[in-house]
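Thanks, everyone. Please bring up the sequence and the model, and I'll walk you through the fold and a few residues.

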Amino acid sequence: MSDHFWWYLSRSTGIVALVLLVLSFTWGILLSTRALREVDRPAWLLATHSWLSGTSLAMVVIHVISLMLDEWVRFTVRDVLVPGSATWQGASRTAEIGTAIGVYGFYLLLLVQMTSLFRKRISRRVWLGIHRASFPLVFGLLLHAGWAGTDTSNRVYQAGAIVMAMTAGAASVIRVISPSRAKRQTA
């Protein structure tokens, strides 16, 4: 096993988590707007959205645990749970801010996931308000990856990050221009 196994695992699971989160975000918007209503299947979209978001959370947990197990960077429990506490040798201020954004993103992702699990026990208004936090969550984690990630100089990573940002941006535009369900029902 490589001396840097945990480091490689943390990097790869972070990237996979981000891809899954952007896909879940996009799926959720396609579900909520019914933008593909001629060909979509809401039950399939919901199941896929739930699977993508749950798997994304699992990848984030592995990402965080592997950062703590890595002996190269040496993140502590405090570093991964308290925003702004993580510092490491050679890290720029931007990387430290990016790491803090990642910690906030983890908490926000947990909140969105937990309220989704208890959706039937909370009001739709509360659930929707918290679920809308997915917009800053996705864009914040794109910043986290760009500012704290160590693969940002890799051309393949850069292309993937651009595609993910464009996908999240396009989905956001679809959500903004799509009429709400209430307006569609009265039309």
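Buried means under 20% relative accessible area, exposed means over 50%, and partly exposed is in between, with a 1.4 Å probe and protein chains only. By that cut-off, 39% of the 187 residues of the protein chain count as buried.

Now the ground rules. This is a predicted model, so local features need pLDDT of at least 70 and side-chain atom pairs count only at pLDDT 80 or more, while totals for chains, interfaces and linings use all residues. Residues are numbered from 1 along each chain as its sequence is written, and side-chain values use heavy atoms, with hydrogens and water left out.

The overall fold, then. The protein chain has eight helices and zero strands. Helices here are DSSP runs of H or I with at least four residues, strands are runs of E with at least two, and numbering starts at the N terminus. Read from the N terminus, the order is α-α-α-α-α-α-α-α. The radius of gyration is 18 Å, close to the 16 Å that the globule rule gives for 187 residues, so the chain is as compact as a globular protein of that length. That radius is taken over C-alpha atoms, and the rule is 2.2 Å times the number of residues to the power 0.38. Along its principal axes, the C-alpha trace spans about 60 × 40 × 30 Å.

Next, contacts. Contact means heavy atoms within 4.5 Å. Take the contacts in the protein chain with a separation of 6 or more: residues 24 or more positions apart account for 67% of them.

Now a helix pair. At what angle do α2 and α4 pack? The angle is about 145 degrees, and the axes are 11 Å apart. Axes are lines fitted to C-alpha atoms, for helices over the stretch in contact, and angles run from 0 to 180 degrees between N-to-C directions. The crossing of α2 and α4 is left-handed. That term applies if the near helix is turned anticlockwise from the far one by less than a right angle; clockwise would be right-handed.

Who makes this contact? From α2 come Ser-53, Gly-54, Ser-56, Leu-57, Val-60 and Val-61. From α4 come Phe-106, Leu-109, Leu-110 and Gln-113. By class, the contact has six nonpolar residues, four polar and no charged. Nonpolar covers Ala, Val, Leu, Ile, Met, Phe, Trp, Tyr, Cys and Pro; charged covers Asp, Glu, Lys and Arg; the others, Gly among them, are polar.

Stay on α2. Ser-53 lies in this helix. Ser-53 is buried, at 9% relative accessible area. Leave aside neighbours within four places in sequence, and Ser-53 is in contact with Ser-24 and Gln-113. Met-59 is also found in α2. Not counting residues up to four places away, Met-59 touches Thr-13, Val-16, Ala-17 and Leu-20. Met-59 and Leu-21 are 38 residues apart along the chain, with their C-alpha atoms separated by 9.9 Å.

On to α5, residues 124-131. Which residues of α5 are buried? They are Trp-127, Ile-130 and His-131. They cover an arc of only 100 degrees around the axis, which puts them on the same side of α5. The arc is that of the directions from the helix axis to the C-beta atoms. What covers them includes α2 (42-69), α4 (93-117) and α6 (134-148).

That brings in α6, where Ser-134 lies. Ser-134 is buried, at 15% relative accessible area. Beyond neighbours within four places in sequence, Ser-134 is in contact with Phe-25 and Val-112.

Now the loops. Arg-74 sits between α2 and α3 (77-81). Most residues other than glycine have a negative phi. Arg-74 has a positive phi of about 60 degrees, although it is not a glycine. At 57% relative accessibility, Arg-74 counts as exposed. Arg-74 and Trp-7 are 67 residues apart in sequence, and 9.9 Å apart in space, C-alpha to C-alpha.

Gly-149 is in the loop between α6 and α7. Gly-149 counts as partly exposed, at 30% relative accessibility.

Last, Ser-178, in the loop between α7 (155-177) and α8 (181-186). Is Ser-178 buried or exposed? Ser-178 is buried, with a relative accessible area of 14%. Ser-178 and Ser-32 are 146 residues apart in sequence but 9.5 Å apart in space, C-alpha to C-alpha.
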